[in-house]
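The stops below are given in the order in which to select them.

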Amino acid sequence: MSQKRLFMAIVVVALIFLGLVGTLIMMQPRAVTDAEMKDVASDPLQPDEMLVGYSIPEFELTNQDGQLVDQSILEGEITILAFIFTNCPFACPGMTGQMLQHQAALEGSGVRFLSISVDPANDTPEVLKAYGDRNGMDFDRWNLLTGPFEDVRSIVRDSLNFFVGEDTTRQITLPDGGTMNNVSHPSHLILVGPDREVLGIYLYYEVDRMTELRGRARAAARAIEGN
């Protein structure tokens, strides 16, 4: 065999080999992310082990449009809930920022959003509406609620076992130049199921947990659609 023919034969064999390798690579299953793996491996509607028995109680509060709403806005839905106040310069901007990212990522999924103010003295429905407009909240999917502090505290403390109350060690300057005490409250995003049960609690600044929350909320919404 001439050197030219030998060279061509080697080239052909090499191309066949590379083609087989490429085919085998394409046949391999796609890598699954940790968050996706959790979706597949667990029931998204099953409360986390430490949260069994926790739920959002009955309530009556006022939304950003001045309408009275109650616990029925949670029933039959998958909802991401947070407790905030509009003058908060500490955790609340980050919490709302994460909620806004979830709002964008979960568009069309059926997942809903709820923010409850822990500062009813300042957070009137008009203030909440302006806050929502300023931040680009979709009011078709997102309610902002205010009402008597004792009613909100009952949800946070008595039903979720978190502390909420004035923090006199930190002062906040208000837009009109006045001041107010900080309000300590949970800095978590809370995933609520269709029967108002608490499914999971996620710290807003943990990136992996936010990814996990988004995947689980989407999977939970799909699960109730299938029922």
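Is Tyr204 buried or exposed? Tyr204 has a relative accessible area of 16% and is therefore buried, where buried means under 20% relative accessible area, exposed over 50% and partly exposed in between, with a 1.4 Å probe and protein chains only.

Before moving on, note that this is a predicted model, in which local features need pLDDT of at least 70, side-chain atom pairs count only at pLDDT 80 or more, and totals for chains, interfaces and linings use all residues. Residues are numbered from 1 along each chain as its sequence is written, and side-chain values use heavy atoms, with hydrogens and water left out.

**Confidence.** Colour by pLDDT, the predictor's confidence in each residue, from 0 to 100. The protein averages 88, and 81% of the residues score at least 70. Select residues 14-40: pLDDT stays under 50 there, and the model has eight contacts beyond four places in sequence for this stretch, a contact being heavy atoms within 4.5 Å.

**Aromatic pairs.** Rings of Phe, Tyr and Trp (its six-membered ring) pair if their centres lie within 6.5 Å; planes under 30 degrees apart count as stacked, over 60 as edge-to-face and the rest as tilted. Tyr205 is exposed, at 51% relative accessible area.

A search of the whole structure finds two aromatic pairs. For the other, select Phe113 and Trp142: the ring centres are 5.4 Å apart and the planes at 35 degrees, so this pair is tilted. Phe113 lies in strand β4 (residues 112-117) and Trp142 in strand β5, 29 residues apart, so the pair links distant parts of the chain. Helices (H or I, at least four residues) and strands (E, at least two) are DSSP runs, numbered from the N terminus. Both Phe113 and Trp142 are buried.

**Thr146.** Follow β5 (residues 142-146) to Thr146. This residue is buried, with a relative accessible area of 5%. Its side chain reaches the backbone oxygen of Asp123 at 2.8 Å.

**Strand β8.** Select residues 188-192. Five of the five residues of this strand are buried, so β8 is largely enclosed by the rest of the structure. In a regular strand the side chains alternate between the two faces of the sheet. Here His188, Ile190 and Val192 point one way, while Leu189 and Leu191 point the other.

Now show the neighbouring strands; two strands pair if DSSP finds at least two bridges between them. Strand β3 (residues 79-84) runs antiparallel to β8 and is joined to it by three bridges, with Ile80 opposite Leu191. Strand β9 (residues 198-203) pairs with β8 over five bridges, also in the antiparallel sense, and Val192 stands opposite Val198.

**Positive phi.** Which residue of the β8 and β9 hairpin takes a positive phi? Arg196 does, near 70 degrees, in a hairpin with five residues between the strands. Arg196 is buried, at 16% relative accessible area. Next, select Asn161 in the loop between α5 (149-159) and β6 (165-173). Asn161 has a positive phi near 65 degrees and counts as exposed at 59% relative accessibility.

Notes
A polar contact is a pair of N or O atoms within 3.5 Å; within protein, one must be able to donate a hydrogen and the other to accept it, and residues adjacent in sequence count only if both atoms are side-chain atoms.
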